[in-house]
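Visitor: I would like to learn how to read charged pairs in a model. Could you walk me through some?

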Amino acid sequence: MSIKDFARLDLNGENSSEGRIFVDPGTAQIVDLCRVRLLRCGVDTVRQLYRGLLRPELLCLFDKPGTIVDFAGERWHAGRVSKDSGYQYKLQNADLGFVLLLKNYNAKVENIGPHLKIEVSPHAIDSLSPERLQARMDFYAEQILTHIERNQCAVHLALDVQGWQPPADLVARMHCRARSARDISGIKEITWETKSSVYGRGETYMFGSAGGVQLAIYNKTEQAKATDKLDYWEGVWRRRDSFDEGDPENYNPDQDVWRVELRYHHSIIQQFASGSVDLQTGNAIETNSFAAFAPHLDGLWRYGLRQFKLLARPGYFEPIWTLIRDDARVDLPVDSLLDDTDYRRSYKTSRGFSGKNVELFLGNFVSLLARERVGARKGFYRLKEWECWPVIRDHYAAKGMDEDALYKHIKGILEERHVRWGRAV
């Protein structure tokens with residue numbers, strides 16, 4: 001069933017695509033969003049990945065982790081990073097707003113591989129056009145790699161809102177696109193530098209998987225205070241004031257700002273790059289960089305707010321969701337290609353050869369769980385964190401198994417393994 005919007009009216013009671021008065025067609029209930037202020041919709045994070053051959057002479061920068069080193073004409077903090085990041089080393093300059101992650105754990109240093117990821121902070125994104133930012137990232141990449149090629153980007157899109165806060169039953173009314181891969185899970189805890197917020201206190205909500213499309217809704221004022229960035233963000237939110245003091249979107253320092261953030265993994269951006277079509281040429285957009293994908297971010301914003309659906313009641317969007325989906329535009333100095341592109345994701349199937357690999361892998365996985373005395377629940381949780389989880393999930397979904405059925409399948413195989421062969425034999 002397609003989800004519908006409430007009727008949208010202006011202050012004269014006439015139908016208007018820009019009105020802030022919403023009327024439920026079934027109950028005639030009126031929702032007034034005139035006091036809601038959409039302060040800024042922008043790119044909060046960029047991650048650009050590169051493949052290439054790591055310049056071996058750079059490794060000497062990390063002989064003494066934790067020191068300040070010279071690289072590419074700037075001063076950087078050099079150090080090691082945890083294996084969870086997928087990389088061994090990092091160069092960081094918080095003033096510039098760049099973190100360079102080097103040497104992929106899963107590729108040998110003497111081989112061409114995905115040896116570089118560049119992460120860009122909000123203030124660097126804000127100060128550079130997409131073209132200049134891309135040129136800066138490419139420059140750093142050329143200093144680190146030879147035989148270089150871009151390997152796709154990841155982005156976070158964030159809308160900051162005043163005059164609205166999440167309802168107490170947000171989790172119950174938030175729905176995902178009806179796929180076998182439905183993955184909506186509230187986080188238990190989020191930690192900032194000086195503040196911990198436990199899920200359930202109504203300060204932070206998280207839906208989806210970090211390896212796919214993820215939605216986060218949280219109190220940005222509290223988070224900015226905790227990381228000592230409130231002055232910066234208030235400067236961003238006040239920019240509109242300098243243009244029009246009577247603008248209803250003006251920032252009010254006495255109200256908390258809530259952020260609605262969509263996080264797109266680089267694999268999802270690749271699916272859009274392969275599956276989205278230019279309506280004039282009929283060709284796939286086939287981008288591999290942030291600068292090339294930037295004109296498509298409005299389309300990505302709308303897609304995300306249709307994948308995660310906040311409902312007022314069954315069959316109807318909550319008016320705030322209609323407002324932020326249709327009225328918010330990603331603030332970048334590029335022309336949006338929203339109306340010129342058919343946005344679709346191109347999925348790799350898990351049939352045939354890869355399906356066979358999934359079956360073989362699962363059997364070996366369960367054997368290892370038994371050998372290491374890991375329970376089915378913990379093993380399943382770790383399996384879902386793996387980058388290859390989507391193809392496993394989709395393979396079994398094609399066979400009629402949802403996630404719950406797959407968990408029970410693994411539990412059953414593990415139990416049989418214990419009974420027939422023992423737990424650690």
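Visitor: Is Glu 119 buried, partly exposed or exposed?

Guide: Glu 119 is partly exposed, with a relative accessible area of 21%. Here buried means under 20% relative accessible area, exposed over 50%, and partly exposed in between (1.4 Å probe, protein chains only). Lys 117, at 16%, is buried. This is a predicted model, where local features need pLDDT of at least 70, side-chain atom pairs count only at pLDDT 80 or more, and totals for chains, interfaces and linings use all residues. Residues are numbered from 1 along each chain as its sequence is written, and side-chain values use heavy atoms, leaving out hydrogens and water.

Visitor: What joins the side chains of Glu 119 and Lys 117?

Guide: Side chains of opposite charge can pair when their charged atoms come close. These two meet in a salt bridge, 3.8 Å from N to O; the term requires a side-chain nitrogen of Lys or Arg within 4 Å of a carboxyl oxygen of Asp or Glu.

Visitor: Which parts does the pair of Glu 403 and Lys 384 tie together?

Guide: Their salt bridge spans 3.0 Å, N to O. Glu 403 lies in helix 13 (residues 403-421) and Lys 384 in helix 11 (residues 376-385), so the pair ties together parts 19 residues apart in sequence. Helices are DSSP runs (H or I, at least four residues), numbered from the N terminus. Glu 403 is buried at 12%, while Lys 384 is partly exposed at 27%.

Visitor: How many salt bridges does the structure hold?

Guide: The structure holds 20. Asp 44, Asp 160, Arg 259, Glu 261 and Arg 263 are linked in a network of them.

Conventions:
Helix = DSSP H or I, 4+ residues; strand = E, 2+ residues; numbered from the N terminus.
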